[in-house]
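Please work through the following exercises with the sequence and the coordinates at hand. Each task is followed by a worked solution.

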Amino acid sequence: MADDGIAVSGLTKLYKNVRAVDDLSFTVSPGRVTGFLGPNGAGKTTTLRMVLNLVRPTAGTTTIGGRRYADLTDPIRKVGALLEASGAHRGRTGRNHLRVLCDAAGIPVSRADDVLATVGLTPAADRKFKGYSLGMRQRLGIAAALLGDPDVLILDEPANGLDPEGIRWMRDLLKSLADEGRTVLVSSHLLSEMELLADDVVIIAAGKLVQQGTVAEVIDSAGGAQMLVRTPRPEALVAELGAGITATPVEGGALRIVGADGPTIGAAALRVGAEIHELTVERRDLENVFLQLTAGKADIR
Amino acid sequence: MSATLQAPPATTRPVIAHVGIPGLRLVRSEIRKITTTNAWWLFGIAALVFTGLALFINMSEAAQHLDRARDTTAVFRPGRGLGAAEIAAARAEFAQLHDLHLQSVNAAGNIFTSGQFFGLLLVMLLGTLVITNEFQYQTATATFLTTPQRTRVVFGKLVAVLGLGFVFWLVSRAVSFAAGLIFFDNLGLTNSLGEWPVQRAIIFNLVAYLLWALLGFGLGTLMNSQIGAVVTSMIIYLGGFVGGIGVFNLIRNFLIHGDWVLTSAVVMPSIASQVMVSPEKMYPQAAPWWVGVLVLTGWSLVAGAIGIVINRRRDIA
């Protein structure tokens, strides 16, 4: 793979008797934001840490632009990462935390000020890390990820601790980074946020891949569109539509029909002479689909 | 936080220069880690305070000894009922106590290495902190993301720790030099800095600073738990001084009756250190000074090597 995509293949991690990640394979494309979703304990963080050479896989490989993370020269110029359970020394200022990383990566220390400005932390640059709020810590982590102006960004729950304004800022930032052709992989369990942000999603549960594709593909894969129909003669309409559909009554006397699209329902209604008072496509959302796909797989292991 | 949020970065991507010498970038990063927290100056102040106290004690003691040695009116009077051998021994001791040259050299050796006892403990603890801080404050993630070759990180820290040991030695010695020169000048005596025993004491004082920093670092590499590594370091250092030789004496007296038992006490790091810095043998069966150097280096290397192997395989989570 010559581009900056991420490829995970047959990845497995065994902790004593728990298969935290179980023969997981997926790919992440450049120029798009990919959401990495899964219930708590699904193995998201472990997977990301294996991609970044922080956790040793029991089996399988991960590459970024065709190379293992450990084989990258000056990796933070290629890959920026924000992970949970990663911090800074309590007594060190945000600016110095970044400068330490600049030194190690051979990046001019002035770059620390640039990324502090990007994440809006300049006023707090000389405050010690222990005085930072959760949201400020998260911003400092994002600043660290941006230090090397990387082609690939891997972010674990970046919205954690951010206020609504911060979440929106993060969304715009990640989208613009992807628009510049960068690879952006974001784990989250904020599904409504992901639906706004992500182009593609990878859903895992219990360490295994559940579904991968564009957001629209994944939603469609969980069954066709749902139609909401309001008619004075529901029985006649359902009978005419036949056995291929499921119809469930919803509040207000309407019917939710799965398995037939708008034209089919309209034609059937015309044939039996049933009035149609309302016919709408009910778009399923990511949360809905996610819960259906991961049902029963989210148990604590 | 009410900071204004900036627009996402413009599409023109910055050109980021490559700076620093590849081999030294990590050392520089580690030195910045040390100098951007409070630990170094808190430890530095502690080192200065202990050096000052030690100087005060050593100089008062030296003043008495030198006073006695200069007292030309003193006459050797053996006690009554002593045997010939005992009288000879007492005479020899009297001669030593009134040998101004010998007493000056001893005083200089003590004064110019003042603060060694706590200085060594402090550099050992700093060596431990340099590595355990990464796990205590979860900075290991950022460190190993920046440099996935973990062994290179360890060697970068190693160089920084030795530098730190050297700086602590240098500052403590600068202070004790200033104080010592004034002290001997006041008494109108030579400072004995031209004497080999004094030079040897100062040189091995430096070796001790470096080796104890190294040992603390090795322990920190081996035990990533900060509290565990610090407590172990202190037990090894203080416990060794307090109880070290006693245990070997008990073994010698009750279990294994051989002088080699006492000689082998040098495997304890603090005894190895004393064996190394002592100009004369600490006790008749003591191992030679270079064995002390080897033992201290050996422990550091063993702890550090096992630590490196563990760190290479370790999951950072």
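The exercises below concern a predicted model.

**Exercise 1.** Determine how helices α5 and α7 of chain B are oriented to each other, and which residues make their contact.

*Solution.*
1. Helix α5 of chain B spans residues 116-136, and helix α7 of chain B spans residues 150-187.
2. The two helices pack at an angle of about 155°, and their axes lie 10 Å apart.
3. Angles over 145 degrees count as roughly antiparallel; α5(B) and α7(B) are therefore roughly antiparallel to each other.
4. The crossing in which α5(B) passes α7(B) is right-handed.
5. From α5(B), the contact draws on G119(B), L122(B), V123(B), L126(B), G127(B), V130(B) and I131(B). From α7(B), the residues are K157(B), A160(B), V161(B), L164(B), G165(B), F168(B) and S172(B).
6. By class, the contact residues of α5(B) with α7(B) comprise nine nonpolar, four polar and one charged.

**Exercise 2.** Describe the contact between chain B and chain A, and the make-up of the side that chain B contributes.

*Solution.*
1. Chain B gives 39 residues to the contact, and chain A gives 49 residues.
2. On the side of chain B, the elements that supply two or more residues are α1 (22-35) and α6 (140-146).
3. Of these, α1(B) provides the largest share, with six residues.
4. The side of chain B that touches chain A consists of 17 nonpolar, 15 polar and seven charged residues.

**Exercise 3.** State the domain division of chain A and the separation of the domain centres.

*Solution.*
1. In chain A, domain 1 covers 6-220 and domain 2 covers 223-283.
2. Taken over C-alpha atoms, the centres of domain 1 and domain 2 of chain A are separated by 44 Å.

Note on methods: Residues numbered from 1 in each chain as written. Chains lettered and ligands numbered in written order. Predicted model: local features only at pLDDT ≥ 70, side-chain atom pairs only at ≥ 80, totals over all residues. Axes fitted to C-alpha atoms, helices over the stretch in contact; angles between N-to-C directions. Helix = DSSP H or I, 4+ residues; strand = E, 2+ residues; numbered from the N terminus. Parallel < 35°, antiparallel > 145°, perpendicular 65-115°, else oblique. Left-handed = near helix turned anticlockwise from the far one by under 90°. Contact = placed C-beta atoms within 7 Å. Nonpolar A, V, L, I, M, F, W, Y, C, P; charged D, E, K, R; others polar. Domains from an automatic or database assignment.
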